[in-house]
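Keep the viewer open as you read.

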Amino acid sequence: MPDFSFLDTQLDIKVVDEEVEVIDLQGEIDPRIKLLSHSSRNLLHACPRKYELYKLKSNSVSTDPEREQESEVTLNFGSVVGVGIQSVIEGKSFDRAVLDCFLEWEIDLDAATERQNKSYYRAIYAVKKFYDLYTLGAISDYELVYYKGKPACELSFNIILPNGYRYRGFLDVVLRHKETGEIIVLELKTSSGIAQPAMFQNSGQAIGYSVVLDELFPELSSYSVYYLVYETRSYEYKPMHFMKSLSKRAQWLSEMLLDIEKLELYHKSDLFPMHGESCYSFGRPCEYLGICEHSNLQLTKPYTNLVEAYVKEDEGKYQFNVDFETLIERQLEKTSEH
Ligand code: SF4
């Protein structure tokens, strides 16, 4: 499975024998700021200053090995559980699913975070638990959808927005009911807390998936999203079901435009607001606490030719690319049909 972590992590370009040239953006907004995703929008809403530092990669964040390890384990844990479940749904044996998981885990096999109860072996346990549910027929009424001869798993999409902004995302699994033909999106999550429907009910993440479903099933006007959340403390899966409609997509797109307007305004004002209420969340202080008030010159990495190449390369990575105008046209067509 490809590495999708670049969506939400900072650009960390490693330079080997290549000349690095700083690019003068001449007052234009840094293209890294324009790369949106579901997680980065959450970050923007929580604290615009944190979003800015995260995107422009702070130079001066004090390194906390425990925090670093925890975030690496969390990232790998989520990817491995996702890959394992997708492998099972694709009809692979449990041993083959474990091999896929092993190949996906990118850090020390013994790395773990007790605080979140996550490790490689606990991820395998989660996959085994899903495998048992699957073999007992938990989703036997549904079949996996295929796109261009391949399983509809981890489908990537890229929405080209006004002023050079882009929203990128990945859809976990598309399933079809064997009798009714109902299309559902399976969204795989892990949580170290207690999963609550309110955590996902109004989340815009699943609305973005309509971009992919538009291509696969143009006649679709609404679809179901099943969240399957693995709780790392109870070792249980919690299923949750929500309907997503076209009207919700219209609102989601409008909110995206508002985010872009806000980013442009922050840039013009040379002020990404600090939301002090977000300095402590998920049981720990923000990694930029104590430094975020310093100037960007001290904190961020410049836009270079290598970063520019990375941003350009990112544009070509997605299976589904759609521009904003086309989305609006489709939205209007579908609205008039119903
Ligand atoms: S410490 Fe607080 S204000 Fe500063 S970036 Fe983090 S969340 Fe924002």
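The expected span of a helix is 1.5 Å times one less than its number of residues. Keep that rule in mind as you look at this model, which is predicted. Helix α5 covers residues 120–135, 16 residues in total. From its first C-alpha to its last, α5 reaches 23 Å, close to the 22 Å expected.

Now turn to the side of α5 that faces other parts of the chain. Tyr120, Arg122, Ala123, Ala126, Val127 and Phe130 of this helix are buried.

Start with β8 (residues 166–177) and β9 (residues 183–191), which pair in the antiparallel sense over 4 bridges. Within this pairing, valine 173 stands opposite leucine 186 of β9. The hairpin that the two strands form has 5 residues between them, and there glycine 181 takes a positive phi near 80°. On to the next pairing: β9 and β10 run parallel and are joined by 8 bridges. Here valine 185 stands opposite valine 225 in β10.

Let's zoom out to the whole protein chain. Its secondary structure comes to 11 helices and 14 strands. The C-alpha atoms fill a box of roughly 60 × 55 × 45 Å along the principal axes. How does the radius of gyration compare with that of a compact globule? A compact globule of 338 residues would have a radius near 20 Å, and the chain has 21 Å, so the two agree. Of the 338 residues, 28% count as buried. Among contacts with a separation of 6 or more, 76% are between residues 24 or more positions apart.

Some individual residues are worth a stop. Glutamine 26 lies in the segment before β1 (35–36). Glutamine 26 counts as exposed because it has 5 C-beta neighbours inside 10 Å, and 12 or fewer is the cut-off for that class. Its C-alpha atom is separated by 42 Å from that of glutamine 201, which is 175 residues apart from it along the chain.

Most residues other than glycine have a negative phi. Aspartate 270, in the loop between α8 (246–269) and β12 (280–281), instead has a positive phi near 55°. With 7 other C-beta atoms within 10 Å, aspartate 270 is exposed. Phenylalanine 282 also has a positive phi, near 50°, and sits in the loop between β12 and β13 (284–285). Is phenylalanine 282 buried or exposed? Phenylalanine 282 counts as exposed, because it has 9 C-beta neighbours inside 10 Å.

Our last stop is the ligand. Which residues surround the ligand? They are Cys47, Arg49, Lys50, Met274, His275, Gly276, Ser278, Cys279, Cys286, Tyr288, Leu289 and Cys292.

Note on methods
Residues numbered from 1 in each chain as written. Predicted model: local features only at pLDDT ≥ 70, side-chain atom pairs only at ≥ 80, totals over all residues. Near = placed C-beta within 6 Å. Rg over C-alpha atoms; globule rule 2.2 N^0.38 Å. Buried ≥ 20, exposed ≤ 12 C-beta atoms within 10 Å, placed from the backbone. Contact = placed C-beta atoms within 7 Å. Pairing = 2+ DSSP bridges.
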